[in-house]
Amino acid sequence: MQAAPLSYGSDQSGLVCGYLFGRAAHGLAIEADEARAWLAAREAHPAEFIWLHFNLANTASEKWLHEHTRLPEEFHESLHEGPRSTRIEQADNTLIAVVNDVLHDFSFEPSDISTLWLSVDRQLVISARRKPLKAIDGLRNAVRNGENIRSSVELLIHLLRDQADGLLKIVRAAIARVDAIEDNLLAGKLNTKRASLGELRRVLVRLQRLLAPEPAALFRLLQRPPAWVAELDAQELRESTEEFSMVLADMASLQERIKLIQEEIAALVNEGNNRSLFVLTIVTVLALPINIITGLLGMNVGGVPLAQDDGGFWIVVAIVASFTVVAGWLAFRRQRERI
């Protein structure tokens, strides 16, 4: 019996899910064959639009898109670009979006960020990803649960807001971790390594760098949207980007807070090291007189003073004690002057 080909969570064409909007108050699930038939006769259904979501880990996805859709070449080129910031731009009267999002099982690792590609026109929304992402899964669940989507642009807006909500949860989780670290510092419990804070800060920086929309492309789009984009959709797109910017601003302030905690931890560590070094210095200074005198009196030569004196031992002890007291007083005095 021949084994079935790998589908990576999609069908043989690479389609993860598909929905048709316009015939009912909510999206109707469709298969790849139904989507292909609709695309062939899309001009006959001007009041409808479909959303097709593909898994690029299935190599059949790109082949299907080339054969059955007329997407702008910019979309196909973007599929093979390296990591870039989130951007939404216009190409051939179509919106091309490259959206970075966190994986479904995000665990504050830099590698837990992947890319979602979208092509949006009046009747067709194509989304494609290589790894399961939180925002697109949230949008899929919303459509599956019967949420009404009136236009293709509203689908994109819903995705951006789901992404902002997911990012807000990440920021809240990071704030909770930072609060716990800060409470330990205030309680005098220095049990957090700077490296762990550094890793958290690097993840937040990477999230901000990749998720922040490119301002130039977004500004051009909001100023001159495609003619088929309704004014209401354009306004909601503008509001969703503003909401996203507010979340990114919260993330930037959290990064600064982490930086201040790192500096405070470094100061506490340096202070502890200085105290240890001071104690070591005091011990060395206090032991210096007895080591010098012991070395002198222990030389196997003639003429060692007090060698024949009955009270010589106590005289040497007194001398050592005197020098030790003077050395200790000088060391503590110098330390106080530094403070």
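Is Asn93 buried, partly exposed or exposed? Asn93 is partly exposed, because its relative accessible area is 40% (buried means under 20% relative accessible area, exposed over 50%, and partly exposed in between, with a 1.4 Å probe and protein chains only). Before going further, note that this is a predicted model, in which local features need pLDDT of at least 70, side-chain atom pairs count only at pLDDT 80 or more, and totals for chains, interfaces and linings use all residues. Residues are numbered from 1 along each chain as its sequence is written, and side-chain values use heavy atoms, with hydrogens and water left out.

Helices (H or I, at least four residues) and strands (E, at least two) are DSSP runs, numbered from the N terminus. Most residues other than glycine have a negative phi. Asp92, however, has a positive phi of about 55°, and Asn93 has one of about 60°. Asp92 is exposed, because its relative accessible area is 62%.

**Second stop: a helix**

Now select residues 152-186, which form helix H5. The 35 residues of H5 reach 51 Å from the first C-alpha to the last, close to the 51 Å expected at 1.5 Å a residue (the expected span is 1.5 Å times one less than the number of residues). Just after H5, Gly188 has a positive phi of about 80°.

Select Phe21, Trp51, Leu118, Val143 and Leu155, which have the most contacts inside the largest nonpolar core, a set of 33 residues. Such a core consists of buried Ala, Val, Leu, Ile, Met, Phe, Trp, Tyr and Cys residues joined through side-chain atoms within 4.5 Å. H5 gives the most to this core, with six residues.

**Last stop: aromatic pairs**

Three aromatic pairs are present in the structure. Rings of Phe, Tyr and Trp (its six-membered ring) pair if their centres lie within 6.5 Å; planes under 30 degrees apart count as stacked, over 60 as edge-to-face and the rest as tilted. Select Phe21 and Phe49: this pair is stacked, at 4.7 Å centre to centre with 10° between the planes. Phe21 belongs to strand E1 and Phe49 to strand E3, so the pair ties together parts that are 28 residues apart in sequence. Both Phe21 and Phe49 are buried.
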